[in-house]
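Here is a short report for someone meeting this structure for the first time. Please look over the sequence and the model, then read on.

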Amino acid sequence: MNLLIRGGRVVDPANNMDQVADIYITNGKIASVGAQIDVSRHDCEVIDAQGKWVFPGFIDMHVHLREPGYEAKETIATGTRAAARGGFTSVACMPNTNPVIDNRALVEFVKAKALAEGVVHVFPIGAITKGSRGEELAEIGDMYQAGAIAISDDGQPVANAQLMRLAMQYAMMFDIPIISHCEDKQLVADGVMNEGYCSTLFGLRGITRAAEEIMVARDILLAEVTGAKLHIAHVSTRGSVELVRMAKKKGLRVTAEATPHHFTLTEEAVGNYDTSTKVNPPLRSAEDVQAVKEGLKDGTIDIIATDHAPHTVEEKDVEYNYAPFGMIGLETAWGLIYEELVEKGILDLKEAVAKLTVRPAAIFGLQGKGSLTVGYDGDITIIDPALEETVNPDNFASKARNSAFIGRRLKALPVYTIVQGKIVMNNRTL
Amino acid sequence: MSLNRKDLLGLKDLTADEITLILDTAEPMKEIIQRQIKKVPTMRGKAVVNLFYEPSTRTRTSFELAGKYMSADTINISTSTSSVVKGESLKDTAKTIEVMGTDVVILRHPVAGAPHILARHVSASVINAGDGAHEHPTQALLDMYTIREKKGTLAGLRVAIVGDILHSRVARSNIFGLTKMGSEVRVVGPATLMAPEIEKMGAKPYYNLEEGLQDADVVMVLRLQLERQQKGLFPTIREYARIFGVTKDRLKVASPDVIVMHPGPMNRGVEIAPDVADSVEAVINEQVTNGVAVRMALLYLLAGGGNPHEPAN
């Protein structure tokens, strides 16, 4: 089936494009982009995109699909549907499943499952160490050859600096990024929220910013020693932003991401003891939120990723200390990006789209992704700038409900998600 | 005037007028406790559940007697005997309590915010009897009642709270309450046991005991959880006692009519010297009596009479 998207405002940062145009997709690939494409003689489905925004399909490089092992939280089927509902056409999934994705067989399992049951592209991330235990290197090369696009022990920081250095050196042979979850577990101790006035006020154990920043600093120094590609996950503090900024000034191959919840919410959100606000790294102070926004603006923070972390209602509907860390994010990401960054003048539309498309594709070497260049995959996200909706958990495609944004009104929402020319979401319906 | 709220979760959200109302209501309640026959019908037909996820003989007994003196039916549930050990969640426990027709749930819990969660799930009044390192409002109310009884006022007093401020719900509730009532609050303790940015709560931190005690009208000594030493928060119990233990000698810099308080149970010879604990300045036993009176006042105000949230039959 061929597809024509007619008359939308097409924003493609990779090609520095922002104009009203048509897009024609054939055989799952972008065939042409331009004014008044004539396809009258072809068998072609047409989407009237007048008044809508047409972007390259969004890419989320930090998602937890929880399969295998934690299918009660999420599966590849439900997680990719949540992605589609959020306008994402590609996601990369973290390996902290059960068993941990630390070998070829599991990388192949995720790929096969995604092909059979997923509705968007799934890029597996392999573990750095066996079982993410931080003791011995996993079979990084074999996983890379099986299709792993990066390595990470997300959720479990590699505490041993020598092992992290070796992992970086080893990963360089395949030129894949090593994604670092920066956290000194001993400094975190039993902390559950950011340390400061709010933790004192709410009587909850605090986590010092230094627990993140020490590891960011360490890994940047190791990246300098090795020359490896280092990607810092979920940057949340002013100090971390400054460290990444310094690393970039030095010309190191260091990139970083921020999540919508870290640039939208402050630690004050914890005050109602809603366990959806219990995330790792924790929600920080207004000053940190401001620094993350500045980092996004000046390019220190390259991309936006959701860290979509689904948990069951039963796991989260408990006392604050007992709940697992994490918040879902796929289905609310764009609305928050639009409201917090575009409307508030931090990023213009093209810059915001770049952080979800061309930038992640470039950092993680995703071929044929992140742009509307002819010959690239026909992955497209269409936004209706006039559409407003209240976040309602009954509408989530994710199995999980752990969102701190339930009840919030979001605007400019995705109405179509198109994956290789196939309409996966149509008018908010999967 | 009545307490126009369903629950008492902390002193953070209470106004000075509400605090005064509770303390004023506790006065006739204290008179009841001193009677030969301590039984009034105020809460007859009301069911009060003491739900304790942490052991606390003192607070539990105080609430239980408060209810019984006012003719409420009070029962105790503690974690060692409840379905909690079978893995039941707080939410499910709340539902069970709800359908049994409970009027007031008194919750003691090791996690901050647990009473707030419970209050959202039950229509009964919830009283926070201590949640993690967050609040212990009834303790602070009985402390304030005792201070007011001894000093005639709370306004303008210098109150020094000494000890493990970081983990203390008693300190937090007292800071909220006392600052609202016009007292000057100081917090004194080792840096590793000081809550971050506590000065924003209106309490001035001191790391030197003598400086903190200077001209103090009230010294509130907190119980030191001895296991904190195992976690490396201070070197030894001995050193703590030498640097932060409240002794007769150290109290000399305080106001001549200083009163000494302690929420109990005390580690004599650690945070408080035995001769201080037994001195005329110490009002520790009065605190216990006043605790029952304050809790009676709260039960009365929330569920006993005239509460607008209480359906009229």
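## A buried strand residue

A:Ile151 sits in strand 9 (residues 151-152) of chain A. Strands are DSSP runs of E with at least two residues, helices are runs of H or I with at least four, and both are numbered from the N terminus. At 1% relative accessibility, A:Ile151 is buried. Buried means under 20% relative accessible area, exposed over 50%, and partly exposed in between, with a 1.4 Å probe and protein chains only.

A:Pro177 is 26 residues from A:Ile151 in sequence, yet their C-alpha atoms are 6.7 Å apart. Beyond its neighbours within four places in sequence, A:Ile151 is in contact with residues including A:Ile125, A:Ile140, A:Ala171 and A:Pro177. Contact means heavy atoms within 4.5 Å.

## How to read the model

This is a predicted model, in which local features need pLDDT of at least 70 and side-chain atom pairs count only at pLDDT 80 or more, while totals for chains, interfaces and linings use all residues. Residues are numbered from 1 along each chain as its sequence is written, chains are lettered from A and ligands numbered from 1 in the order in which they are written, and side-chain values use heavy atoms, leaving out hydrogens and water.

Helix 12 of chain A is mostly covered, with ten of its ten residues buried. Among them are A:Ala333, A:Gly335, A:Glu339 and A:Glu340. A:Trp334 has a relative accessible area of 1%. For A:Tyr338 the value is 14%.

A:Trp334 and A:Tyr338 lie four residues apart in helix 12 (residues 333-342) of chain A, about one turn of the helix. An α-helix has 3.6 residues a turn, so residues three or four places apart point the same way. Over all chains, the structure holds twelve aromatic pairs. A:Trp334 and A:Tyr338 form a tilted one, 6.4 Å centre to centre with 35° between the planes. Rings of Phe, Tyr and Trp (its six-membered ring) pair if their centres lie within 6.5 Å; planes under 30 degrees apart count as stacked, over 60 as edge-to-face and the rest as tilted. A:Trp53, A:Phe55, A:Phe58, A:Phe88, A:Trp334 and A:Tyr338 form one aromatic cluster.

## Charges over rings

Two lysines sit over rings. A:Lys73 lies over the face of A:Tyr70, 5.6 Å from the ring centre. A:Lys278 lies over the face of A:Phe325, at 4.8 Å. The test is NZ of Lys or CZ of Arg within 6 Å of the ring centre and within 35 degrees of the ring normal.

## Two packed helices

Helix 8 (residues 238-249) and helix 10 (residues 286-298) of chain A pack at about 25°, with axes 8 Å apart. Axes are lines fitted to C-alpha atoms, for helices over the stretch in contact, and angles run from 0 to 180 degrees between N-to-C directions. Helix 8 and helix 10 of chain A are therefore roughly parallel. Angles under 35 degrees count as roughly parallel, over 145 as roughly antiparallel, 65 to 115 as roughly perpendicular and the rest as oblique.

Helix 8 of chain A makes the contact through A:Arg238, A:Val241 and A:Arg245, and the residues from helix 10 of chain A include A:Glu287, A:Ala291 and A:Asp298.

A:Thr80 lies in helix 1 (residues 76-85) of chain A. A:Thr80 is buried, at 0% relative accessible area. B:Leu21 lies in helix 1 (residues 16-33) of chain B. B:Leu21 is buried too, at 12% relative accessibility.
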